Structure formats: C-alpha cells, structure tokens
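Subject: Structure handover

Hi,

Here is the structure for your files. My notes follow below it.

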Amino acid sequence: MSDIGSENSSGKAHLLEVESLVKEFGLRRGLAERVARTQVAPQRAVDDVSFTLDRGEILGIAGGSGSGKTTLARCLIRLIEPDGGAVRVDGIDIRAHKGAELRELRRRMQMVFQDPYASLNPRMTVGAALQEAGKVHNRPGSENEQAFVSRLLGLVQLTDRIAPRKPRELSGGQRQRVSIARALAVDPELIIADEAVSALDVSVQAQLLNLFLDLREELGVAVLFISHQLAVIAEVADRIAVMQKGRIVETGPTLEVFAHPKDEYTQALLNAHPHPDPRMRIAAG
Amino acid sequence: MSLLEIESLRIEFPSEEGPLVAVKGVDLAIEPGEIVGLVGESGSGKSLTCRAVMRMVPEPGSISAGAVRFDGEDVLAMGKKQLRDFRAHSVGMIYQNPFGSLNPTMRVGAQIAETLKVNRGMSSKAARAEALALLDRVGIEDPEHRYRAYPHELSGGMCQRVMIAISTASSPRLMLADEPTTALDVTTQAQILKLLGKMRAEEGMAMLLVSHDFGVIAQACDRVAVMYGGHIVETGPVETIYHEPEHPYTRALLNSVPELDSAGNVQRRAALAGHPPELSEVIPGCVFAPRCEHARPECAEVSMKLEKVGADHHSACPVRPYAGAGARTTKQEIEA
C-alpha cells in the first residue's frame, strides 16, 4: 500500500484522505448456527467509505441511527481498529504507525463527543483538564498554566472564571464548550464532532454552531461534523456525505445535495424533515 | 366547555433552601379534538405540566396550587378509584423512550391484551382479537406475527406504535405525548406524527404534544404554548406563533431553529446569549429579562400574566417590542 495519498487542486496532500475504509463486526453465532457449525456473515458497519477533507473545510456526515457514522469517526483516530482501507493525514497513513508517531497523528485530529459530561473528568477542574491536555502533548505555552487556560477559554468564548470549576457546576452548553477547548488545547488541524450539538437546547445549539464557524475562521481548523439532523448540517457544512448501512450513498456540496438529491435515501431523509414553518407540513396521506 | 383546563398550576420540589418552583402558575386549555403543542427548552417545565394532567408528577415534586379539570371534573380532587378510572379510560400517555415503557419479559401482544382485559373487562379471546385490530390500526404489518414479538425484537418506531396501541386501547379523549419522537430517526418520526394525526382525524382524539423541537410542533399542532422558566410566555395558533411571534423569547427561539434552507449559505445566526435559568435561580419579574435584548428596568416587575395581543393570541411580554412589526422574516424570505 503506498503511503502517499492523492493531491488536491493546489498540489498539496489533503488534510484527511479516507480510502475504502472497512470495519466489520462479527455477530455472535446463534444456536442454529452452532448446531449446524456454520459461520455468521460479519456485519459491515463501515463499508468501503472514501472521502477527502481539506484544511479549513467543514464536511457534514448525515445518516440515520445505525448508519455507521460514529463507527466511521472512531475508525479515523483508531479508537476502533479498521479492518481495511486507509486513513491518511497529510499523506501519512495512520494505520501504518504506532507509538509516538500515532500519538502525534492523533494530536492533529481531536474528537468532541455528544455527551460532554462523559468526556470530562468530574473530579478535575476545567483549568486542570485543559492544562493537562497541553502538557501531555508538550504544547508550546502550556508551561504557563494561567495564560494557556485563559487563551483556550477565550477561544470558546468562556470567561476565566470557569477555570476553577468542576464539570458538574457548568451548564450543558458550557460543558460542551470546555470539551471543545480541551480538543483545541493540542492545536489540532481537524476536529471530529460526533453529534456534538445534538443534546443541547436549540438556543445553545445555535451558539455552538456559530462557535465552530468562528474556530474555522480564526484557526483554520477543519471539522468533520457528524449529525443525524440534516438542518444542523445545513447550518455549518460546506459539503455533505450521506451514509446508509455503512456506505456513503451521496456526497457533494451541501446546497447541491439538498436542492437536487439523487439518492433515494437522501430524498427520504429530506422529505421527512420537520420544517418549523407550519405551511411546509409534510402532506398527509 | 374545554376538554382539559389547567389553571394556575404550580409544581414545587422541596430543597434545603426552601421549595424550588418548577412550574409557576400555568394556564392552558385544550378543546375536544384539538392538538396543542407545548414547546420549550430543557427545564422549562413542559414535561411536568404534561405529567400533572395525570397527577404523575415525579417524587418528591408535588402540585402545590392550581386546578386541573377534565371535562369539568376536578382531577386533583379525585379519589383513588376515580383516578384509576380516569387514567384508564379518559387519557392515554406516550413517552420519549418506548422501550422503557414496555415490559421486556412480555410479548407485546399480551401487553396490549392485558390492558384490554383489565381496563375494559374483555375475555382473553376478545382481548386477543381486539389487540390484533389495534396493532393493525397503528400500522404494524403482519400483526399476527408481531403479536408474539418481545419489545427487544422490534425497532424503536415499532415499539412506539405498540405504545400508541396500548394507550389508545380504550379510545381516550385526550392523548398526552411527551417527546414521542425524540428518540426516533427522522423518517420514523414523520411516520409516527402522521399516525397521531390520523388518530385525531378518525377518533376525534385531542392531544397535548410536548416537544423541544418546533419542527415537530409545526408538523402536528393546531395551537402552541411556548414555555420558558416555568411560565407559558406565549400561546396562539401555530401559524401565528411561527410568523408573528410577539414574545421576544419565542422570536429568539425560532431564530435559533436550524433550517435546511441555510444549505450553501453558511452564516452565523443571531444566537440568543446565555442559557435557560436553573431551578434555583429566582428571577424577579420577567424570567426571560436577563437574556432579552429589549429588557428594561420595568421588566423586574412584570407579572408574567398572559395578555391578549390578537385573535386567540396571548403574550406575557407587556413591552411588546414587535407589536405591529408584522411577520418575522425567515431566512428563506430574505434570500428571495
């Protein structure tokens, strides 16, 4: 397998290039299979997925539950070991490396999860959690804790007063901002946001969506934005990939896909979208 | 007379520093056959209001003041037997998590039949036949086969259909639906909303639909009440609320709703700053004032009483910054 990925129009390697990625999960054999001594065909949770993502780009990944969105995200940073294909960061295959090199590749891709409560240490103050992330990866500036934490909190539009608090003392929106700050602590080039705004109230969700756009503008960070809500993806993504049963069934610029969906599943998702305007009700019948 | 009348409902939770008031004097009425939406963010008191109708406020919370009347009858004054009858025949309820509401060790058909035997005194044979008919009515294909399935063998949407079958088994006149589609995929959500609409059309069943998602509310409701910080801040026909919201909170909420029309035109929304109030925060006057861009000193003395601002349209904001401003411009219309 070559270690050099394809190039984008400017002649540089894509920030992220995923090629024919496969992840299979074996199903447990039931009684009938055990008696007959037959194997159960494995389920492909991620089935031959390929896409690219450039610097500063926001790519939305949409799909229903069980479509493989989260498994895909986890395979990208090898939280789950993929069974086939390649994931290249700047042309470097993440599957071909281990140890310090893998850690460095993972630093460049940071993940933000749906439940910030589960991804923050409840016994650590916000400041300590942010500083630890910086120190582990030897980030420049992390030796001066106060300035380091203050800069990060500023990036996610929180005040320094948050630093001495524990996660349980924060609101859901504040907690998710802290999760994002923790991801930013190691200067990533790509943020993988897995349903990062799904559990939030709409007023707070809108603030967080604005924050992702701000971060892209200020830091040039790329975002892989996973959501089951098409409308949320419409708010932030430049391009969209729609997944169904582990495959990407349609991909393209968000406007093009939404205005002229070609795949049946994309059409079904769009038709089922509950529009907030009562005049746009899904026709009965 | 309205089918359901809620008057000055107050729900409190005890705490060491005195009672925490989660619902602070809510008035709401539902007419026969009407679908009313209750929309609000988490902690606004919408679910509690809904549960209070059945007197199912979770411990240690309690209804400390107000009245709930169903068909003129005082629900809060009902005795044990009367309450049981009321819950069995007059109202049905479905929740967010259909798996949690079904017994995992019983076949779904038997669960429906049990309801019919207990509540309607049917024989086993008649209950089985009626349960099959109910499964068919809620759109489950091959009811004979599904009758024998356990909840874990069914999808979330299918389980919610079974719940709808159980809760409508005795043709209730009112359905309480608390976030019935929140845990479901968008395509399944559309099917369940369609089914609930069909039940209303065929049975004349009224419904209180609680949701945090204005999209869901807009799909199904005739009228909507917007809740914030334990108060209803605005009520009106769903079209009026969407196009001409009067209360600054309603307007801010609607402006935050993500829309498909934003595709290809990525831009920041005028997002509402801050976050909804915690239960322990006591805000004098208007609860929304700390986040409101139109707040003024007098807002600390606002009573939060709903005042008439149009035909069947009430708002709790006496400042009325948008009065006469006409329809809210949606993103779509700006582009056009």
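Helix 4 of chain B passes helix 5 of chain B in a right-handed crossing; a crossing is right-handed if the near helix is turned clockwise from the far one by less than a right angle, left-handed if anticlockwise. Helices (H or I, at least four residues) and strands (E, at least two) are DSSP runs, numbered from the N terminus.

First, the ground rules. This is a predicted model, where local features need pLDDT of at least 70, side-chain atom pairs count only at pLDDT 80 or more, and totals for chains, interfaces and linings use all residues. Residues are numbered from 1 along each chain as its sequence is written, while chains are lettered from A and ligands numbered from 1 in the order in which they are written.

Back to the pair. Helix 4 covers residues 108–120 of chain B and helix 5 covers residues 124–137. Their axes lie 8 Å apart, at an angle of about 120°. Axes are lines fitted to C-alpha atoms over the stretch in contact, and angles run from 0 to 180 degrees between N-to-C directions.

From helix 4 of chain B, the contact includes Ile112(B) and Leu116(B); from helix 5 of chain B, it includes Ala131(B) and Leu134(B). Contact means C-beta atoms, placed from the backbone, within 7 Å.

Now the whole chain. Chain B has 12 helices and 12 strands. Its C-alpha trace spans about 65 × 50 × 40 Å along the principal axes. Of the contacts in chain B with a separation of 6 or more, 63% join residues 24 or more positions apart.

Best wishes

Note on methods:
Two residues are in contact if their C-beta atoms, placed from the backbone, lie within 7 Å.
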